[in-house]
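Please keep the sequence and the model at hand while reading.

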Amino acid sequence: MAMHGMRGLSVFISDIRNCQNKEQERQRIDKELGNVRNRFKNEKGLSPYEKKKYVWKMLYIYMLGYDVDFGHMEAVSLISAPKYPEKQVGYIVTSCLLNENHDFLRLAINTVRNDIIGRNETFQCLALTMVGNIGGREFAESLAPDVQKLLLSSSCRPLVRKKAALCLLRLYRKNPDVVNVDGWADRMAQLLDERDLGVLTSSMSLLVALVSNNHEAYWSCLPKCVKTLERLARNQDIPQEYTYYGIPSPWLQVKTMRALQYFPTIEDPYTRRTLFEVLQRILMGTDVVKNVNKNNASHAVLFEALALVMHLDAEKEMMSQCVSLLGKFIAVREPNIRYLGLENMTRMLMVTDVQEIIKRHQAQIITSLKDPDIRLSF
Amino acid sequence: MSEKEKQKRSTSSYSSDLELKLGLHQDLKLKIKLHFYVAVLPLSGRLESMSLYVLQIHFVLLISRQGKVRLTKWYSPYSQKERTKVIRELSGLILTRGPKLCNFVEWRGLRVVYKRYASLYFCMCIDEDDNELEILEIIHHYVEVLDRYFGSVCELDLIYNFHKIIYKCFNFWSCLTLKAYFILDELLIAGELQEPSKRTIARLVAAQDSLVESAKEQTSSITSIIAQAAK
C-alpha cells in the first residue's frame, strides 16, 4: 500500500519533468490539482498518510510557481496528526505555504501550543521551528510565556533551547511587550554564560534585538559579551565541531560584535582594555589566504571588527591601522573583498579624524578604481 | 524608490563638501555618491536603522541555472504574487551575472548574497548594512551540511533524493526534497543562524530519519498483524 502511494507521487513528478513545454505542464498540473481538490472534498476517505501524500503534491506544484489556493486547511490539519511523519509534513508545508497574514493559521495555535508544552521533544522542536519562522502577533501573545519557560529550563536539552531562543526572538519582533525587561536583564546575562555554542549563538541573536531597543537595561550583558568574544578570538576551549575552517564560530563572533555596537560606550576600563586587545588581535591576525571559505569567514569577522572599532571611536592609531588594512583590501584581486573594502572605506570617511589618513591612500584608491574590472562589477 | 531618491538628494550636498575637502578624482566622486546613501547614517548609527522589525535573512532561494526554483523559504510575509515577482526579478538579475563579479547584488534597497554550486544558485536576501561575508559562509555551511547528508550533493539530488532513507533501492523522481527543507530549518530560524556545528545538525537529521523509519516500521508491523488476523 505504501509503495503504491509513493509511485503515484513519483509518476506525477516524472510526468511533469517529461512535459515538452509550458502548455503541457500547465495541463498536467491542472489535472492533478483537480484530482487533489476532489480527494480533499471527500475528507472522510482520507487517512493521514494519504493526506500527507496530497499535501506533498500541492507543495511541489506550488514550488513550480503555480497558485495553490486550496488545501491550506489540510496542510494545517496535518499538524495535529498523532504520528511524527505526518506531523512533520504538516509543519513544514504550512511554514512554506502560509505566513502570518493568513487568518486561519490562528486555528493551529492550540495544537501548536500543545506540542510546545508537551513532553515530546521532537514535537516541541517542530512547533518552535514553525512559530519561529512564520508566527504572527497572536502567536506572540499566546505562546511567549511557554517559549520563555523552555528557554530558561535547565532540564531542556540545548536542541530545544536554541530553537526556543530564536522563536522568542521572532515573537519579540512581533510584539515587544512579551519580553518583560525587568525580569529579562538578569536572565539574558545568565544565558550568556551558556557553554553550548548552538544555544549561545541563538541567544546572542536574541540579545542583539533586545539591546537594539534598550541598551541601558542590558548593561550587565556587556562584560559577558566581551568575555565571549575573547574566548572565541583566542580559540579557548572551543569544540572542534564549532571551528569553521580554523576559525572559532565566525558567526558567533560577528553576532557578539554586533551586540557590542549597540552599547554607546564602555565605561569600565578593564573591559574596554580587554576588548581593544581582542580587536587588535583580529585586526593584525587576519590575512588573505587561498582557501575561499576561510578567507570569507575571517574577513567577515574582520569587517565587523572594523565597524566596532569605528563605533567605539578608538584611538587614532587603531583607526589608522583600519584604514591601511582597507587600503590593502582595495588592491586585492578577489572582487568580494575589494568591494567591501571600498564600501567600508566610504563609511570611514564619515569620521573626521580619518579623512586625513585616507588622503594618504588616495593615490592607491584612484589607481584601483581605474581598473576596468571594478567599474564593470560594481 | 522615491524614499531612496530623497535620501540621495539630501546627502548630495554633504558629499560635495567632502569631495571638495578631499580633492577627489572624478571616478572616486562617482563611487562615493553611489555609496553615500548607505553611509548616510552616522557611524555608530549605522545600526540605527536596524529596528525591531529588521531581519537578518529575509528569504532563501535555490535556483537552477535554467531558472527553475528548487527551494524557497520566506522569513518575512510575502504574498504568493509577491513571491513570484521576487523570483522572476532575482532570477533575471543573478543568472546573468558573470563568474568574476562579486557575490552581492543590490536589489530593491536590499542586498542579495548568492553563490553558485555546480548548477545551483543559492541566494539569501539581507539588509544593506548586514555582514555579507557572514551570509556567504552561512550559504556554504548549508551546502556542507547537505553534502554531508546526501554525500556530494548536486541539483539532481535535490530533485531525486527525497525518499533516500526509506526506499534506497528505488531511483525515485522525487519532490522538492522535504529533507533539504528540514535541514534548512535546523540551520536557520526567524532568518537567523541557529546552529554553527555541522556535526550537531547531521546528528539531528539522522535522529529524525530514524524516527520516520521506526514510525513506518510500526505502521507496517501493525498492518501485517491486522492482515494476519484478518486471514
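B:Lys68 is partly exposed, with 38% relative accessible area; buried stands for under 20%, exposed for over 50%, and partly exposed for what lies in between (1.4 Å probe, protein chains only). This is a predicted model, in which local features need pLDDT of at least 70 and side-chain atom pairs count only at pLDDT 80 or more, while totals for chains, interfaces and linings use all residues; side-chain values use heavy atoms, without hydrogens and water. Residues are numbered from 1 along each chain as its sequence is written, with chains lettered from A and ligands numbered from 1 in the order in which they are written.

The partner of B:Lys68 is A:Glu25: the two form a salt bridge with their closest N and O atoms 3.9 Å apart. A salt bridge here is a side-chain nitrogen of Lys or Arg within 4 Å of a carboxyl oxygen of Asp or Glu. The pair joins two chains, because A:Glu25 sits in helix α2 (residues 22-41) of chain A and B:Lys68 in the loop between β1 (59-64) and β2 (69-74) of chain B. A:Glu25 is buried, at 7% relative accessible area. Helices (H or I, at least four residues) and strands (E, at least two) are DSSP runs numbered from the N terminus.

Within chain A, A:Lys174 forms a salt bridge with A:Glu100, and the closest N and O atoms are 3.0 Å apart. This pair links distant parts of the chain, 74 residues apart: A:Lys174 belongs to helix α9 (residues 158-174), A:Glu100 to the loop between α5 (84-97) and α6 (109-117). A:Lys174 counts as buried at 18% relative accessibility, whereas A:Glu100 is partly exposed at 23%.

B:Glu89 is partly exposed at 30% relative accessibility, and B:Lys85 is partly exposed at 41%. Over all chains, the count comes to 34 salt bridges.

Chain B as a whole has seven helices and seven strands, in the sequence order α-α-β-β-α-β-β-β-α-α-α-β-β-α. Of its 231 residues, 57% are buried. Among contacts (heavy atoms within 4.5 Å) in chain B with a separation of 6 or more, 50% are between residues 24 or more positions apart.
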